[in-house]
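Could you walk me through this structure and show me how to read its main features?

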Amino acid sequence: MLPYLIAPSILSADFARLGEEVTKVLAAGADVVHFDVMDNHYVPNLTIGPMVCQALRKFGITAPIDVHLMVEPVDALVPQFAKAGASIITFHPEASKHIDRTLQLIKENGCQAGLVFNPGTPLSYLDYVLDKVDVILLMSVNPGFGGQAFIPATLNKLAAARQLIKQSGLPIRLEIDGGVTVDNIAEIAAAGADMFVAGSAIFNSPDYAATIEAMRANLAK
Ligand code: DX5
Ligand code: ZN
């Protein structure tokens, strides 16, 4: 297992003060910035693009930026996000006609690459590309909105994904996204996740550091 990473989703941050919010959450102990890109096509919501990623880099954010692309098509945005400072780029396999090509494109652009699985998307998309992914991201809500409840069936899926990673012997990250809270993070880790996205649980809390510390304390139990 790789060390645990906490990745606040800026979807629930105050967008009018984004640079300060990201600075604050990193100072509060976050490891990675989770950056949700929605196109009102693949998902019924519209958020932010490469310009905002670049603006965060210009603002002085040096932490890894984990770009979660909920867009269709995918490929045109890959070089743009790489140029804008993305560290990891993940996409939903059913949104790309050529999964292998998109994974290669991400790597050629110098980023880590990952596939994202909606609650109803089978892990079999990994069958022939497992050696090309750095990250497997399981959605524990249907994508498009923050603040939804964790879907419990994801726990079994996490265990299955963890098994695949173990069998492969590869250092693949297992990221979970949606409905992660202080109260359920330990159970999610026990099922196999090692990277935890949390939006509303962190940004809607009064004290980001206390929330992240409470998450880490529950992970250490
Ligand atoms: C949903 C996004 C998530 C979302 C998580 O489509 O991918 O990253 O912001 O928000 P919470 O943690 O509030 O479920
Ligand atoms: Zn996300």
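Predicted model: local features only at pLDDT ≥ 70, side-chain atom pairs only at ≥ 80, totals over all residues.

Q: Which residues does the UniProt annotation "active site" cover?
A: UniProt positions are given in the numbering used here, feature names are shortened, and annotations may be inferred rather than shown by experiment. Here the unreviewed UniProt entry lists D36 and D177. They span 142 residues in sequence, but no two of their C-alpha atoms are more than 10.5 Å apart, so they gather at one spot.

Q: Where does D177 lie?
A: Helices (H or I, at least four residues) and strands (E, at least two) are DSSP runs, numbered from the N terminus. D177 belongs to strand β7 (residues 173–177), and D36 to strand β2 (residues 33–38).

Q: Is D36 buried or exposed?
A: A residue is buried if 20 or more other C-beta atoms, placed from the backbone, lie within 10 Å of its own, exposed if 12 or fewer, and partly exposed in between. D36 has 24 such neighbours and counts as buried; D177 is buried too, with 27.

Q: Which residues does D36 touch?
A: Contact means that two C-beta atoms, placed from the backbone, lie within 7 Å. Not counting residues up to four places away in sequence, D36 touches S9, L11, T47, H68 and M70. With that exclusion, the contacts of D177 include H68, L137 and V197.

How values were computed. Residues numbered from 1 in each chain as written. Chains lettered and ligands numbered in written order.
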